[in-house]
Structures are given as structure tokens and as C-alpha cells.
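Subject: Structure for you to look at

Hello,

I am handing over the structure below. Please open it beside this message, and read the notes that follow with it in view.

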Amino acid sequence: MEDLAKKLFEKRWNFKNRGTIIIKLQNTEYDVLIIGGGITGAGIAREAAMRGLRVGLVEMQDFGAGTSSRSSKLAHGGLRYLAYGEINLVKEATTERNWMRAHIPHLIRPVPFMWVNWKDDTLNKKYIESSLQLYDSLSDDSQKFKNLKKYQWFSAEELHKLEPEIKDKIGEGGAVYYDNNVDDARLTIETLKEAVIRGADIISYCKVVEYITEKDKIIGVKCQDLENNKDFNIKSTLMVNATGIWSDDLIRNYPENVPKPLIRPTKGVHLIFKRKQIRNEHAVIVRSLSQERGFFVLPRGDFTIIGTTDTDFKGDLANPFCSKEDADDLINSVKYYFPNADIGYNNIIATYAGIRPLVKEIGKSERDISRKHLIFFNKHGLLSIAGGKLTTMRKMAEDLLEI
Ligand SMILES: Cc1cc2nc3c(=O)[nH]c(=O)nc-3n(C[C@H](O)[C@H](O)[C@H](O)COP(=O)(O)OP(=O)(O)OC[C@H]3O[C@@H](n4cnc5c(N)ncnc54)[C@H](O)[C@@H]3O)c2cc1C
């Protein structure tokens with residue numbers, strides 16, 4: 001503990017020490033070098049450093065500037081994946097969600113979610129209740145860490161009182177269950193800080209531009225320091241490609257069974273309004289009027305975040321944006337379920353868009369693609385990890401290091 005306290009207060013991880021960190025990166029032979037400082041790379045750096053390995057990490061933008069600051073900001077079990085029969089995935093995510101609540105409570109805020117049986121809905125009370133029974137039991141019944149509360153069913157009258165703005169639309173009633181808000185970018189930074197405290201050397205604005213090989217094995221990388229326009233090399237026994245939507249740029253040889261390209265990038269957008277414009281009390285699941293999918297109306301203090309969407313993306317991966325069509329669909333759908341919502345272009349506080357690093361599955365639509373993570377070696381000794389969720393970052397790191 002004393003040693004940890006010393007590292008915590010003595011190791012200064014800030015831009016003033018950039019030069020020192022780069023010199024350290026150049027002069028150390030690492031056990032693991034991670035390319036990518038989103039949540040996936042951060043989680044691996046933390047886990048590897050906690051296991052006593054010498055760890056380096058390079059990020060070409062700001063930390064979390066890729067997908068890891070553009071999510072729905074939920075530490076959740078992914079209730080909707082139950083409908084696809086992805087029981088293991090949901091069990092894994094609910095277990096990790098509960099782990100986060102127990103271990104990083106300062107970053108996690110439990111939120112009551114409302115799953116309403118709408119008047120025009122095909123999903124009835126029996127379906128909703130059996131899904132939530134399963135959702136609540138998957139990890140809570142067998143694991144040490146628990147969710148805040150189990151779900152509860154409410155009649156239509158009771159639900160009117162809990163969420164008055166949707167009252168004309170309720171069918172049989174609805175259920176309230178629990179997931180969590182998390183600040184995705186802060187989660188990424190805090191995870192990186194934990195790795196730094198445990199000895200990892202981590203730098204931003206350095207881009208990996210080339211692999212250094214010896215007898216066909218990758219033994220290091222050439223980096224471009226984007227702040228000073230200088231190149232430097234880093235050596236490591238193991239190289240990890242955790243570059244999310246940029247993964248295909250970094251993979252040299254795709255092993256058998258791995259799709260080429262690996263990533264199917266799909267875009268999800270969010271709109272932010274003042275909460276008083278919608279007056280939602282809970283996180284409410286609503287349905288898109290133009291597409292066959294659900295999305296959330298999420299309370300976030302004085303604000304409400306609406307989203308998300310799921311559409312194939314071709315464009316600048318670093319700068320996705322919300323189009324008029326994306327915004328129209330979300331606004332019109334929310335107005336249908338919250339008829340008094342005073343929302344439009346004139347009072348949007350902000351919009352943001354993120355690209356999912358989904359592992360390609362041929363013949364599936366955007367929303368049907370699994371959110372599972374995939375880990376594989378290529379013949380040059382490069383370890384790549386793709387897919388997954390913010391919520392499962394700890395388990396992804398554990399799986400990668402124990403492969
Ligand atoms: C709209 C949307 C909503 C979502 N909502 C949720 C949610 O509520 N809960 C949840 O659990 N998950 C959610 N997800 C999923 C989650 O956000 C992602 O799975 C996760 O952020 C991916 O993290 P990553 O580290 O793999 O990728 P990224 O965050 O993109 O990190 C990869 C990093 O690699 C860097 N990089 C790339 N090439 C190089 C190079 N050559 N050299 C150095 N660095 C490089 C990039 O700059 C980038 O920062 C959502 C995703 C989207 C798109």
C-alpha cells in the first residue's frame with residue numbers, strides 16, 4: 001500500500017512530462033505494447049500492469065477520442081441482446097456492470113430504466129417480465145457483485161404516476177429495471193491512470209506508422225510524435241492492436257477464419273436536450289418510427305440524451321457527425337411517445353456521433369451484429385482485439401492476457 005501511495009503521488013502523468021515519457025518508451029523493452037488508448041487499450045494496460053508486466057501504450061489522438069467518448073455512456077448488460085439468444089454475452093456484461101458498481105462507484109450512477117408495454121406494442125407483459133427475470137438473474141444469482149435492485153412490474157395506472165408525460169401511450173403497464181450511467185471518457189482516463197500508477201508508460205498524440213520486424217516477427221513499432229513531428233521506436237515482446245475502428249489498418253496478415261476487412265463500422269448518434277423540454281423521469285425505451293429498432297431517452301442530471309441509431313458508415317472515421325435524417329428520426333420518435341416534448345432544431349444543446357468497431361458478420365443487418373469481442377494472433381505475432389463494449393473492458397483485457 002505504501003508503495004502504491006508513493007507511485008500515486010510521485011509519478012506525474014501530464015503533458016509537461018511528455019519528453020521524459022517518450023525517452024522512457026524508447027529505452028525500455030516492454031512485455032506488452034498496446035496500440036490504441038480507447039477503453040479497450042486502457043483496460044488491457046491496467047490489467048497487464050496489475051499483473052506486474054512492463055507495459056507501454058501509444059495513442060494517436062487524445063485518449064478516448066475515438067469511439068470511447070461517443071457512446072450512450074451506459075454500464076449495462078445489453079438487455080436487447082437477449083432477444084438474439086446471446087445469453088453468454090448478457091451474462092458477461094451484467095457481471096461486469098455489477099463489478100463496476102462495486103469497484104468504481106465514483107464513476108457509476110444506477111439509473112431506473114422503464115420498459116413500457118406500449119398500446120401498439122407486440123411485446124406483452126409476459127414477454128417483458130420473462131426477459132427481465134432472466135436479465136436480473138443471469139449474473140446476480142451466481143456472482144458475488146449484485147445489481148442495485150431487481151425489476152418491478154407496474155400497472156398502467158401506476159406507470160402514469162411514475163412517468164406522467166407518456167400516459168396516453170401505455171398499454172398493459174410496464175417494468176422498471178436498473179442499469180447505470182457512466183462517463184465513458186472519464187472511465188477511459190481513470191483506467192489509464194490506474195495503469196500508470198502501476199508502472200505503465202502511456203503517451204498520446206503518437207501514431208504507430210510501421211512495425212519493426214526481425215525474422216518475420218514483429219519486435220517493435222515505429223511511432224510518429226505528432227506534437228514534434230519526430231519519429232521514434234519502441235520495442236516489446238508482445239504487440240497488441242486495440243485500435244477499434246482503425247483495426248484493419250494495423251493488421252498485416254489475417255489468419256484463417258478472420259473476416260477481411262475485420263471491422264464493419266456502424267454509426268450511432270445522440271442528441272442532447274435540456275431535460276425540462278421532455279420531462280422524462282426515467283430512462284425510457286422507445287421505438288424508432290422509421291426503423292425497426294428501439295432507443296433510449298436517458299436522463300443525465302438536468303439534461304436528456306436521446307439515442308442511439310445504427311447505420312452502416314462510410315466516411316472519415318475520426319469525424320463522424322449527426323445528419324439531419326438521424327436527428328429527424330430521433331426527434332419525431334420521441335415526440336410520438338412524449339407528445340408534450342418541446343424539442344426541435346432550435347433547442348438541441350449538442351449532437352454527437354460514434355462508430356462501433358463491430359466484427360463483420362456476413363449477411364446480417366447493422367443491429368443484428370453481435371457485440372461480442374474477438375481476439376486473434378497473426379503469423380507475425382501481433383495480437384488483435386476487436387468488438388466488445390465499454391462495460392466489458394475488464395473481461396476483454398483478462399481474456400486477451402490469458403489467451
Ligand atoms: C453510438 C455508440 C453507443 C455505444 N454505447 C455503449 C454503451 O452505452 N455502453 C457500452 O458498454 N458500450 C457502448 N458502445 C460501445 C463502446 O463505446 C465501444 O465498444 C468502445 O468504446 C470501443 O473502444 P475501443 O478502445 O475498442 O475503440 P476506440 O475508443 O476507438 O479506441 C481506439 C483508439 O486507437 C487509436 N489508434 C488508431 N490507430 C492508431 C495508431 N496507428 N497509432 C496509435 N493509436 C491509434 C485511436 O485514435 C483510438 O483512440 C457504444 C458505441 C457506439 C458507437
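Helices and strands here are DSSP runs, numbered from the N terminus: a helix is H or I over at least four residues, and a strand is E over at least two. By that naming, Thr308 sits in the loop that runs between β14 (303–307) and β15 (311–312). The model is a predicted one.

Pro261 belongs to the loop between α8 and β11 (263–274).

Lys73 is not a glycine, yet its phi is positive, near 60°.

How is the protein divided? The domain assignment gives domain 1 as 2–68 + 185–262 + 368–401, and domain 2 as 100–181 + 263–359. Taken over C-alpha atoms, the centres of domain 1 and domain 2 are 32 Å apart. In the contact, domain 1 takes part with 22 residues and domain 2 with 14 residues.

The size of an interface is often given as the accessible area lost when the parts come together. Between domain 1 and domain 2 the buried area is about 1600 Å², and carbon and sulfur atoms give 69% of that. Which residues of domain 1 lose the most area to domain 2? They are Ile245, Ile369 and Arg371, which together account for 35% of what the domain 1 side buries.

Side chains of opposite charge can pair when their charged atoms come close. Across the interface of domain 1 and domain 2, one salt bridge is found. Asp310 and Arg371 form a salt bridge in which the closest N and O atoms are 2.9 Å apart. Four residue pairs are in polar contact between domain 1 and domain 2, counting pairs with both residues at pLDDT 80 or more.

On the side of domain 1 that touches domain 2, at least two residues come from each of α7 (184–197), α8 (247–250) and β18 (382–387). Helix α7 gives the most to that side, with three residues. By kind, the residues of this side of domain 1 are 11 nonpolar, seven polar and four charged.

Salt bridges and helix α7

How many salt bridges does a search of the whole structure find? It finds 27. Glu190 and Lys193 are both in helix α7 and lie three residues apart, about one turn of the helix.

The ligand

The ligand is surrounded by 38 residues, and the closest of these are Thr40, Glu59, Ser68, Leu74 and Thr391. Polar backbone atoms also come up to the ligand. That of Thr67 is 2.9 Å from an oxygen atom of the ligand. For Lys73, the residue with the positive phi, a polar backbone atom is 3.5 Å from a ligand oxygen atom. In the case of Leu74, a polar backbone atom is 2.7 Å from a nitrogen atom of the ligand.

Regards

Technical notes
Residues numbered from 1 in each chain as written. Predicted model: local features only at pLDDT ≥ 70, side-chain atom pairs only at ≥ 80, totals over all residues. Heavy atoms only, no water. Domains from an automatic or database assignment. Contact = heavy atoms within 4.5 Å. Buried area = accessible area lost by both parts, 1.4 Å probe. Salt bridge = Lys/Arg side-chain N within 4 Å of Asp/Glu carboxyl O. Polar contact = N/O pair within 3.5 Å; in protein donor to acceptor, adjacent residues only side chain to side chain. Nonpolar A, V, L, I, M, F, W, Y, C, P; charged D, E, K, R; others polar. Near = heavy atom within 4 Å.
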